[in-house]
Amino acid sequence: MHLIELFRHDFMRHALISGILLGPVCAVLGVFVNLRGMAFFSDALAHSAITGVALGFMVDTWTGWQLDPTIYVLIFSCMLALGMGWMSQRMPLSRDTITAFTFTGSVALGVILISLLGKHRMLEGLLFGSIYSNGPADIARQAILAAIVLLFFLTQLRPLTLATLDPELARARGVRPALLHYVFSLLVAATVAVGLKMLGALLLGALIVMPAAAARIASTNFRGLAAGAILLGLLAPPIGIAASASLNLPTGPCIVLVHVAALAVCQIIHLVRSS
Amino acid sequence: MIALSPLLETRELTLHHGTREVLAGFSCTIDRGELLGISGPNGCGKTTLLKALVGIHQQTSGTIRRQPPARNPGYVPQHAPIDRNFPLTASEFLAINCQSRIPWIGGIPRKLRHGICGKLDCLGISHLATRPLGTLSGGELQRVRIAAALLEDPALLLLDEPSSHLDPAATASLKQLLLHLHQEHPLTLVVVSHDEPFIDGLATRRISLAAPSLAVA
């Protein structure tokens with residue numbers, strides 16, 4: 001079937017819109033995930049989202065509610081992000097160590113809960129996502145998330161950049177770095193919750209980290225980094241979806257491989273410039 | 001010459017760093033137009049005192065009275081190692097230090113360009129405007145940080161260990177810059193340093209803090 005014909009189907013159009021909405025959102029968050037050394041944190045949140053889904057199933061089973069799993073993942077991811085922030089300020093351990101034990105602990109809990117619930121088949125969807133199952137409600141959630149992230153960055157980009165570079169200087173300028181860190185962590189958690197369906201727990205971290213990582217290699221100023229990351233975040237999902245549909249390959253991995261290719265190209269550009 | 005009158009006063013100031021008391025019963029007056037040097041050994045509370053004067057460290061007891069011009073001071077914190085790959089140019093660094101409400105999405109917003117370029121020019125570092133921070137030498141980076149602290153034209157500029165991590169040539173150049181700023185601008189400067197030779201010949205008055213908490217004015 002011709003590629004254009006494929007996009008006449010609702011599921012393909014929904015997947016494309018999801019990619020175009022979530023790609024830049026993940027990329028712009030990824031700029032600061034990279035600059036603040038939070039790549040492991042975002043990856044850990046994505047993996048731990050499995051537990052949010054499992055806990056949601058348990059709550060639904062006990063209460064008879066039939067809430068959208070995204071709501072449970074959103075609540076669980078936000079609590080986990082806040083919890084990790086709280087612990088990093090109060091425990092004599094590095095942020096990485098806290099992320100490591102929180103993430104492995106919650107994934108272990110999630111797998112046990114899924115096992116107890118007998119929902120083993122659900123694991124594959126959670127791990128790798130299913131972008132073609134996105135419906136209008138998912139797209140609405142993604143659009144709301146995109147609007148919130150856009151508003152945050154339009155108003156807080158300057159203080160967030162200063163707080164990332166030099167927290168003490170930021171405090172002297174009236175910025176509250178700790179509060180900004182919590183708000184930023186919550187936005188990453190919300191993005192993980194909303195994006196889980198698209199790429200799954202294993203690959204979602206790539207959508208956040210890789211566009212900014214590639215742009216960072218090739219840029220020497222902030223404007224170049226931000227513009228490059230957003231552009232890559234915008235282009236990679238449609239290219240990945242088109243490649244997946246044309247070659248009959250899984251979509252999530254195709255999108256991630258587009259990002260890997262972009263990163264390789266940026267590294268080549270960097271090497272050429274350096275020489 | 002600017003007439004001497006108090007710009008900032010501290011009375012019976014006691015400061016803690018964590019649970020450790022680093023300064024007790026410290027009183028001093030900083031007059032308009034002076035260049036005050038605060039020296040002392042490591043751990044005597046110099047940095048904590050400067051942060052309290054800036055307003056980002058809460059005193060345990062005592063008072064700090066700031067005259068209106070000293071309520072929004074310029075501040076150059078102690079050298080913190082920056083990520084050499086942080087993709088920010090010198091002019092972008094100044095842009096993120098502006099307290100303007102103009103949205104910033106990288107680069108220099110048109111409305112801020114005049115102020116930022118003027119400040120870089122004033123400090124003789126216009127040629128560094130498009131250089132990434134990570135490629136600047138210690139002395140160049142320190143000048144950029146001072147330019148950022150002067151963006152809002154503060155009446156009071158506080159610098160914490162400005163000569164640390166600088167080689168002798170850069171230290172001498174920085175000393176000349178601070179003297180120039182003090183002479184050519186209506187600026188009161190407070191410089192904290194454990195580098196006694198740096199303070200000598202720079203400060204018009206000096207306070208030596210003794211470890212851990214005895215102050216000799």
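**Exercise 1. Determine what share of chain B is buried.**

Solution. Of the 217 residues in chain B, 43% are buried, a residue being buried if 20 or more other C-beta atoms, placed from the backbone, lie within 10 Å of its own. The structure is a predicted model, in which local features need pLDDT of at least 70, side-chain atom pairs count only at pLDDT 80 or more, and totals for chains, interfaces and linings use all residues. Residues are numbered from 1 along each chain as its sequence is written, while chains are lettered from A and ligands numbered from 1 in the order in which they are written.

**Exercise 2. Describe the fold of chain B and state why it counts as compact.**

Solution. First, chain B contains six helices and nine strands, taken as DSSP runs (helices H or I, at least four residues; strands E, at least two) numbered from the N terminus. Next, chain B has a radius of gyration of 17 Å, close to the 17 Å of the globule rule for 217 residues, so it is as compact as a globular protein of that length. The radius is taken over C-alpha atoms, and the rule is 2.2 Å times the number of residues to the power 0.38. Finally, the C-alpha trace spans about 45 × 40 × 35 Å along its principal axes.

**Exercise 3. Characterise the contact between chain B and chain A.**

Solution. Chain A supplies 22 residues and chain B 20, contact meaning C-beta atoms, placed from the backbone, within 7 Å. On the side of chain B, helix H2 (residues 90-97) gives the most, with three residues. The predictor assigns the complex an ipTM of 0.86 and a pTM of 0.88.

Notes. A residue is buried if 20 or more other C-beta atoms lie within 10 Å of its own, exposed if 12 or fewer, and partly exposed in between; C-beta atoms are placed from the backbone. Two residues are in contact if their C-beta atoms, placed from the backbone, lie within 7 Å.
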